[in-house]
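Colleague: I have a model open and would like to learn how to read it. Could you take me through it feature by feature?

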Amino acid sequence: MSVIRPTTVEVETSLRLVAPDATALPVRASLRYDPADPYAVHVLFHAESAGGEAVSWSFARELLVAGLDEPAGIGDVRVWPWATPRGDFVALALSSPDGNALFEVPRSVLVRFLRRTYVVVARGREAEHLDVDTAVSRLLAGR
């Protein structure tokens, strides 16, 4: 008997990198949700050159949800509502030892993406999709 596994959700979009002088540059990105990692969402920033590698950031799905309506997160990932004359966005601030970046993400894109993730793994039901044995094995292998 085969087991039907939930489908990964992936949405291609364009974010806007907000420069210190308030200009914004488009950045190709993908929003990704894998039910095998049910608590996390992933943002993949695609390289503009053909040989470049995508850069991936992962953080809690609930952080993204909370940031739709109020400031959320501390440290490396922060999310908050961001209204502009062009419409409603969500600010996504990422920090690392290599630097900081602030992105504008269309709020409507995030809402649609999150709704699709809830079809795959309902909010509050993440633990039912977590394979603890595999997660522990991955953590121990990373030593």
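This is a predicted model: local features need pLDDT of at least 70, side-chain atom pairs count only at pLDDT 80 or more; totals for chains, interfaces and linings use all residues.

Colleague: How many helices and strands does the protein have, and in what pattern?

Modeller: The protein has 3 helices and 7 strands. Along the sequence the pattern reads β-β-β-β-α-β-β-β-α-α.

Colleague: How do I read a sheet?

Modeller: Strands of a sheet pair through backbone hydrogen bonds, either parallel or antiparallel. Two strands pair here if DSSP finds at least two bridges between them. In this model an open sheet of 7 strands is ordered S4-S3-S2-S1-S7-S6-S5, and the pairing is antiparallel. Strand S4 (55-60) and strand S5 (77-84) are the edges, each pairing on one side only. On average, neighbouring strands of the sheet are turned by 35° against each other, direction ignored. Axes are lines fitted to C-alpha atoms, for helices over the stretch in contact, and angles run from 0 to 180 degrees between N-to-C directions.

Colleague: How many bridges join S2 to S3?

Modeller: There are 4, between S2 (residues 24-33) and S3 (residues 40-45), which run antiparallel. For Ser30, the bridge partner in S3 is Leu44.

Colleague: Which strands does helix H2 lie across?

Modeller: Contact means heavy atoms within 4.5 Å. Helix H2 (residues 107-120) lies across S1 (9-18), S2, S3, S6 (87-96) and S7 (99-106), and runs at about 155° to S1. Now the sequence range of contacts: residues 24 or more positions apart account for 36% of the protein's contacts with a separation of 6 or more.

Colleague: And burial?

Modeller: Buried means under 20% relative accessible area, exposed over 50%, partly exposed in between (1.4 Å probe, protein chains only). Buried residues make up 36% of the 143 residues in the protein.

Colleague: Is Leu31 buried or exposed?

Modeller: Leu31 counts as buried, because its relative accessibility is 4%. Leaving out residues up to four places away in sequence, Leu31 touches partners including Val9, Thr13, Val43, Leu110 and Phe113. Take Thr13: Leu31 is 18 residues from Thr13 in sequence, yet their C-alpha atoms are 7.6 Å apart in space.

Colleague: What is a nonpolar core?

Modeller: In soluble globular proteins, nonpolar side chains tend to be buried together. The core here is a set of buried Ala, Val, Leu, Ile, Met, Phe, Trp, Tyr and Cys residues joined through side-chain atoms within 4.5 Å. The largest one has 31 residues, and Val43, Phe45, Phe59, Leu64, Val77, Leu92 and Phe113 touch the most other members. H2 gives this core its largest share, 6 residues. Beyond its neighbours within four places in sequence, Val43 is in contact with residues including Leu15, Ala29, Leu31, Trp57, Phe59 and Leu92.

Colleague: How many salt bridges are there?

Modeller: Side chains of opposite charge can pair when their charged atoms come close. The cut-off: a side-chain nitrogen of Lys or Arg within 4 Å of a carboxyl oxygen of Asp or Glu. By this rule the count is 4. In one of them Arg32 pairs with Glu10, with the closest N and O atoms 3.4 Å apart. Arg32 is in S2 and Glu10 in S1, so the pair ties together parts 22 residues apart in sequence. Arg32 counts as partly exposed at 28% relative accessibility, and Glu10 does at 37%.

Colleague: Which residues are linked in a network of salt bridges?

Modeller: Arg16, Arg86 and Glu104 are. Arg16 meets Glu104 with the closest N and O atoms 3.1 Å apart. That pair links Arg16 in S1 to Glu104 in S7, 88 residues apart. Glu104 also meets Arg86, at 2.3 Å, N to O. Arg86 sits in the loop between S5 and S6, so this pair ties together parts 18 residues apart in sequence.

Colleague: Is Glu104 buried or exposed?

Modeller: Glu104 counts as buried, at 6% relative accessibility. Arg16 at 30% counts as partly exposed, and Arg86 at 48% does too.

Definitions and conventions
Residues are numbered from 1 along each chain as its sequence is written. Side-chain values use heavy atoms; hydrogens and water are left out. Helices (H or I, at least four residues) and strands (E, at least two) are DSSP runs, numbered from the N terminus.
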